[in-house]
Amino acid sequence: MSSRVLVALRVPASPERAFEAFTAEIGQWWRPNGLFQFTPRSPGVLSFEPGPEGRLVETLASGRVFEIGKVRAWEPPRRLVFGWRQASFAPGQDTEVEVTFEAVGEETRVTVQHVGWDSVPQTHVAKHGFPDAIFLRRHAEWWQVLLASFKMAAGKRDA
Amino acid sequence: MNGALDRTLAALADPHRRRVINLLREGPRPAGELARDVGLAPSAMSRHLRTLRESGLVEESHPAFDARVRVYALRPEPMIELLRWLEETERLWSAQLGALRDHLARDRPPASAPKDGEPAE
């Protein structure tokens with residue numbers, strides 16, 4: 001078992017269109033996030049090299065290409081799985097993202113599951129290999145109390 | 001690495017041990033008190049406490065006045081750090097999926113306000 005983040009959202013498109021936008025147009029909608037820089041020189045532009053042998057890469061301003069992860073499943077319009085590595089991960093450290101596209105009436109529910117943070121080393125926090133977000137949520141009340149008391153003890157939470 | 005995770009999950013899988021964790025939320029307690037409050041024999045409690053200690057969920061100390069007494073306390077850092085990381089990751093994907101939705105919504109402008117030029121920033 002590994003840590004898991006699960007996020008779902010409905011988008012106004014068919015699964016076919018949603019899959020296409022997720023992959024072929026990722027460079028147009030992806031918003032760079034300082035906390036999740038792929039490389040120290042990021043952000044660049046994300047793109048998928050399509051197909052079952054493809055990969056997700058970030059092209060930096062210098063023209064250098066960083067491989068975020070290889071495609072592990074390419075099943076349009078239903079499912080997409082790819083690896084996810086940030087340059088700061090140790091060799092062999094890896095996480096995986098699974099995206100599924102489900103028709104809901106005229107729309108599509110896009111679900112992202114990001115698993116495997118446990119394999120990220122101590123400096124990346126998961127050393128203690130805690131249970132996944134679902135488990136945490138089930139115990140949300142006391143985790144929140146704990147978090148609140150920790151924040152108080154720690155004074156200010158860093159941005 | 002996964003060994004640590006397995007130990008943690010195993011530690012939390014037992015209802016007595018979860019009860020201990022909940023009690024420790026209120027503050028550190030001696031082993032004897034924990035045994036009494038959870039309703040276990042001291043020997044059974046010390047096995048559970050050892051499992052919790054090995055998982056890193058709790059730590060043991062001795063009060064200055066009596067080295068025979070073992071006091072247990074919760075170690076929140078690993079939970080907090082992971083929780084924070086999970087929250088950040090969740091926030092990242094929520095934001096990205098929101099951006100994907102907005103991107104797709106541009107394909108299908110609402111009927112009330114049809115536009116076909118470049119969307120203004």
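Strand 6 (residues 95-104) of chain A and strand 7 (residues 107-115) of chain A run antiparallel and are joined by nine bridges. Across this pairing, A:Val99 lies opposite A:Val112 of strand 7 of chain A. The model described here is predicted, and the predictor assigns the complex an ipTM of 0.72 and a pTM of 0.61.

### The sheet of chain A

Chain A contains four helices and seven strands. Along the sequence these elements follow the pattern β-α-α-β-β-β-β-β-β-α-α.

| Strand | Partner strand | Sense | Bridges |
|---|---|---|---|
| Strand 3 of chain A (residues 55-59) | Strand 4 of chain A (residues 65-75) | antiparallel | five bridges |
| Strand 4 of chain A | Strand 5 of chain A (residues 79-84) | antiparallel | four bridges |
| Strand 6 of chain A (residues 95-104) | Strand 7 of chain A (residues 107-115) | antiparallel | nine bridges |
| Strand 2 of chain B | Strand 3 of chain B (residues 71-74) | antiparallel | four bridges |

Of the 159 residues in chain A, 26% are buried. Among the contacts in chain A between residues at least 6 apart in sequence, 43% join residues at least 24 apart.

### The sheet and helices of chain B

Chain B has an open sheet of three strands in the order 1-3-2, with antiparallel pairing. Strand 1 (29-30) and strand 2 (58-61) of chain B each have a single partner strand and stand at the edges, so one side of each is left without a neighbour in the sheet. Helix 4 (residues 42-54) of chain B packs on this sheet and touches strand 2 and strand 3 of chain B. The direction of helix 4 makes about 115 degrees with that of strand 2 of chain B. Within the sheet, B:Ser61 stands opposite B:Val71 in strand 3 of chain B.

Helix 4 of chain B also packs against helix 2 of chain B, at an angle of about 70 degrees and with the axes 10 Å apart. The two helices are therefore roughly perpendicular to each other. On the side of helix 2 of chain B the contact involves B:His16, B:Arg17 and B:Val20, which meet B:His48, B:Thr51 and B:Leu52 in helix 4 of chain B. By class, this contact has two nonpolar, three polar and one charged residues.

The loop between helix 2 (15-25) and strand 1 of chain B holds B:Gly27. With 9 other C-beta atoms within 10 Å, B:Gly27 is exposed. B:Gly27 and B:Ala73 are 46 residues apart in sequence, yet their C-alpha atoms are 6.8 Å apart in space.

### Confidence

The average pLDDT of chain A is 76, with 66% of its residues scoring at least 70. Residues 119-132 of chain A stay under 50, although the model has 44 contacts beyond four places in sequence for them. Residues 153-159 of chain A are also below 50 in pLDDT, and this stretch has one contact beyond near neighbours in sequence. Where pLDDT is low, the predicted coordinates should not be read in detail.

Chain B has a mean pLDDT of 79, and 70% of its residues reach 70 or more. Among the elements of chain B, the lowest mean pLDDT, 56, belongs to helix 1 (residues 2-13) of chain B, and the highest, 95, to helix 3 (residues 31-38) of chain B.

Methods: Residues are numbered from 1 along each chain as its sequence is written. Chains are lettered from A and ligands numbered from 1 in the order in which they are written. This is a predicted model: local features need pLDDT of at least 70, side-chain atom pairs count only at pLDDT 80 or more; totals for chains, interfaces and linings use all residues. pLDDT is the predictor's confidence in each residue, from 0 to 100. Two residues are in contact if their C-beta atoms, placed from the backbone, lie within 7 Å. Two strands pair if DSSP finds at least two bridges between them. Axes are lines fitted to C-alpha atoms, for helices over the stretch in contact, and angles run from 0 to 180 degrees between N-to-C directions. A residue is buried if 20 or more other C-beta atoms lie within 10 Å of its own, exposed if 12 or fewer, and partly exposed in between; C-beta atoms are placed from the backbone. Angles under 35 degrees count as roughly parallel, over 145 as roughly antiparallel, 65 to 115 as roughly perpendicular and the rest as oblique. Ala, Val, Leu, Ile, Met, Phe, Trp, Tyr, Cys and Pro count as nonpolar, Asp, Glu, Lys and Arg as charged, and the others, Gly among them, as polar.
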